[in-house]
Amino acid sequence: MNRREFLQVLAAASAAGMALDSPRALAAQGGEALYDLPRFGNVHLLHFTDCHAQLLPIHFREPSVNIGVGGATGKAPHLVGEHLLKAFGIAPRSLEAHAFTYLDFEQAARTYGTVGGFAHLTTLVKRLRASRPGALLLDGGDTWQGSATALWSKGQDMVDACRLLGVDMMAPHWEFTLGHERVKEIVEGDFKGRIEFLAQNVKTTDFNDPVFAPYALREMNGVSVAVIGQAFPYTPVANPRYMVPDWTFGIQEEEMQKVVDEVRAKGARVVVVLSHNGMDVDLKLASRVRGIDAILGGHTHDGVPQPVVVANPGGRTLVTNAGSNGKFLGVLDFDVREGRITDFRYRLLPVFSNLLPPDAAMAALVDKWRAPHLPKLGEKLAVTEAMLYRRGNFNGSWDQLILDAIMDVKGADIAFSPGFRWGTTLLPGQAITFEHLMDQTAITYPYATLTEMSGEQIKTILEDVGDNLFNPDPYYQQGGDMVRVGGMTYACDPAARIGHRIQDMRLNGKLMEADRKYKVAGWAPVAEGAQGEPIWEVVARWLRDRRTVSARRLNNPRLIGIQGNPGMA
Amino acid sequence: MDTMRRQLLKGAGATGALAAALAAGLLKPTQVLASEWNRTAFEAKESPAVLKALGASGSSDSKDLQLKAPEIAENGAVVPVEVISNIPNTISIAVLVDKNPFPLSAAFDFANGAVPEISVRLKLGQTSVVKAVAKTADGKFYTAQKEVKVTVGGCGG
């Protein structure tokens, strides 16, 4: 029996509901050898990003829709499914095919088991550190938000976990939604002397003074290495402004060039940017700023197996993106000789929980933070009959569930749910616990709202968010997905200009009117003073009333002009 | 962060600072401003009309005129815009917001070799192209422009 046949047997067994021997399936794929990465060179960077406070192993389905427009069409990261496998030479149905794509997700997830989990990640980090003396562990941010315990402890569980994990440096985004005072408290308290919190593009609004250290310099195996931090440039736009009232952000390309020149002048032989720009923005930045060897990126949650090499007037820059939810650890090795990088190796390692025994100290820390909340976290709200996932440009079954619930409870014609890219995946037949619901909704501005909006206002919002996603110039993109829409239908032409992308808006089959008012439910308002019941309470009530949730009918827009786009399944 | 400077300025108060600036001759009294005020340019409702009133119609973009502005405004009511002219003998810089009801937002004259750099905070009613127009001593005009997006926000990440 060859490997493929073996997997087919497994798949059949899975479909028949038989218990699967996950370790055997993993062994057939080479097992732990996946993590036997021989040391290369003398500068080593370990990178994870966008874990969204997922301390436990989870499932995370990669998108089947991640459309690139303009110059990004058909290029990484805008490749999904088989297009991605082909571009990176990954064998179909393999362990890595499961890690990097949505293909056969349910079967593969049952076969290979969960991914991530801080206890398992710790084991992997320790193993790589043992073979790579001096290696730096870099956290790309979106670490203090995304779970019930992170919300309730104001990020403290993640701060403690990152200290124990041995993070050396981090760059921020969602961290700011804990409010500027809490961020300062952690950076000047828990992190002081342990973890460098880096952001060259955060300044005070009054005098443009830096708020955080822009970079850190470290000597590694005789080589001077600079790490420059880049926070998410549109934090005060995409998230509530009132949470960071005195700070200004932005891409700050010219400032970035100055910082690169400064660290080079100080003797840095390797310069990397730990970035929360999002991959499209990083690709453009890499083409314009000189002197960066690598941008280790996040924000857009793209699991990209190999770096994109970008040419610029100063040479070449590697651009990576390391996925989300604790699913991956990036390993970048540089060989530096006589002050010059001669070669590199990169791997984006999927963290398969069944291949990496949990680290005992980290497991104990995770348990400590969860223990007081176990009864609440473990409440079974309902059982899902279909897979629940979030990621995708236009909709996900988790989002559809939230839309259906909020329209039902609020008596709305239409509902909006933000295009967040975090949120874990549940398999058919799994119980939806309160903790799972919090994985989709745990934010500090969770208010559910009901508003009257004119057809014109609704169009403006859809156009606006569509432009944040599909503007052909990445510097004008914000890196989230399209707002999820319930109740009404529409068509979308991603390649069109703002004002022309959204067409054929209909409610109950009838064209919507610009002047007419519609009842619109939503959540996560960014305006100051917004109020409402937390979204998780609304959805939890709706789920408890049902006990079983049938497959949701996904409300996706009719897409125009994207036939054959490799960012589309 | 320079906390001392911030507290000093807060203590001085806005009125005090303005009075000090006037006393030091950094700002001109209103009567003088009124005589030099290009009423036609400031009251024009379309950018081409502003350019015409400034005498800058048909001017071309120059790489030596730098316009710094955010791609996406954090707050449309106060968008920081900086203009630096590296063009020799620059004697004035004007800033326009194409989509504003009155596009001409500010105009500065530089006398006696003053460094032609300005920094302003502009209100943008909606997404718009922001333009800088520099004039040189020999009467030539140069422009630079950038689109600044004003968005409803939310839904990111």
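Analyst: Happy to! The buried residues of α8(A) are covered by elements that include α6 (118–131), β2 (136–139), α7 (148–152), α9 (180–188) and α13 (360–370) of chain A. Helices here are DSSP runs of H or I with at least four residues, strands are E runs of at least two, and both are numbered from the N terminus. The model is a predicted one, so local features need pLDDT of at least 70 and side-chain atom pairs count only at pLDDT 80 or more, while totals for chains, interfaces and linings use all residues. Residues are numbered from 1 along each chain as its sequence is written, and chains are lettered from A and ligands numbered from 1 in the order in which they are written.

Helix α8 of chain A spans residues 156–165, and its buried residues are D157(A), M158(A), V159(A), A161(A), C162(A) and L165(A). Buried means that 20 or more other C-beta atoms, placed from the backbone, lie within 10 Å of the residue's own; 12 or fewer means exposed, and anything in between partly exposed.

Now to the domains. Chain A is assigned domain 1 (48–56 + 116–367) and domain 2 (378–559), with bounds that come from an automatic or database domain assignment. Their centres, taken over C-alpha atoms, are 29 Å apart. Between them, 28 residues of domain 1 of chain A are in contact with 19 residues of domain 2 of chain A, where contact means C-beta atoms, placed from the backbone, within 7 Å. On the domain 1 side, α7, α10 (235–238) and α12 (279–288) of chain A each give two or more residues, and α12(A) has the largest share, with 4 residues. That side divides into 12 nonpolar, 13 polar and 3 charged residues. In this count Ala, Val, Leu, Ile, Met, Phe, Trp, Tyr, Cys and Pro are nonpolar, Asp, Glu, Lys and Arg are charged, and the others, Gly among them, are polar.

A helix pair is worth a look too. The axes of α15 (residues 397–410) and α18 (residues 535–546) of chain A come within 9 Å and cross at roughly 90 degrees, which makes α15(A) roughly perpendicular to α18(A), the class for angles of 65 to 115 degrees. Here I402(A), A405(A), I406(A), D408(A) and V409(A) of α15(A) meet V538(A), V539(A), R541(A) and W542(A) of α18(A). The residues of this contact are 7 nonpolar, no polar and 2 charged.

Chain B meets chain A through 16 residues of chain B and 35 residues of chain A. The chain B side has 5 nonpolar, 6 polar and 5 charged residues. Within chain B, P116(B) sits in the loop between β5 (104–109) and β6 (117–122). It counts as buried because it has 23 C-beta neighbours inside 10 Å. Beyond four places in sequence, P116(B) is in contact with S85(B), T90(B), I93(B), F110(B) and A134(B).

Chain A has a mean pLDDT of 95, with 96% of its residues at 70 or more, although residues 15–19 of chain A are below 50. For chain B the mean pLDDT is 83, and 75% of its residues reach 70 or more; residues 8–25 of chain B are below 50. Where pLDDT is low, the predicted coordinates should not be read in detail. The predictor gives the complex an ipTM of 0.88 and a pTM of 0.92.

Terms used:
Two residues are in contact if their C-beta atoms, placed from the backbone, lie within 7 Å. Axes are lines fitted to C-alpha atoms, for helices over the stretch in contact, and angles run from 0 to 180 degrees between N-to-C directions. Angles under 35 degrees count as roughly parallel, over 145 as roughly antiparallel, 65 to 115 as roughly perpendicular and the rest as oblique. pLDDT is the predictor's confidence in each residue, from 0 to 100.
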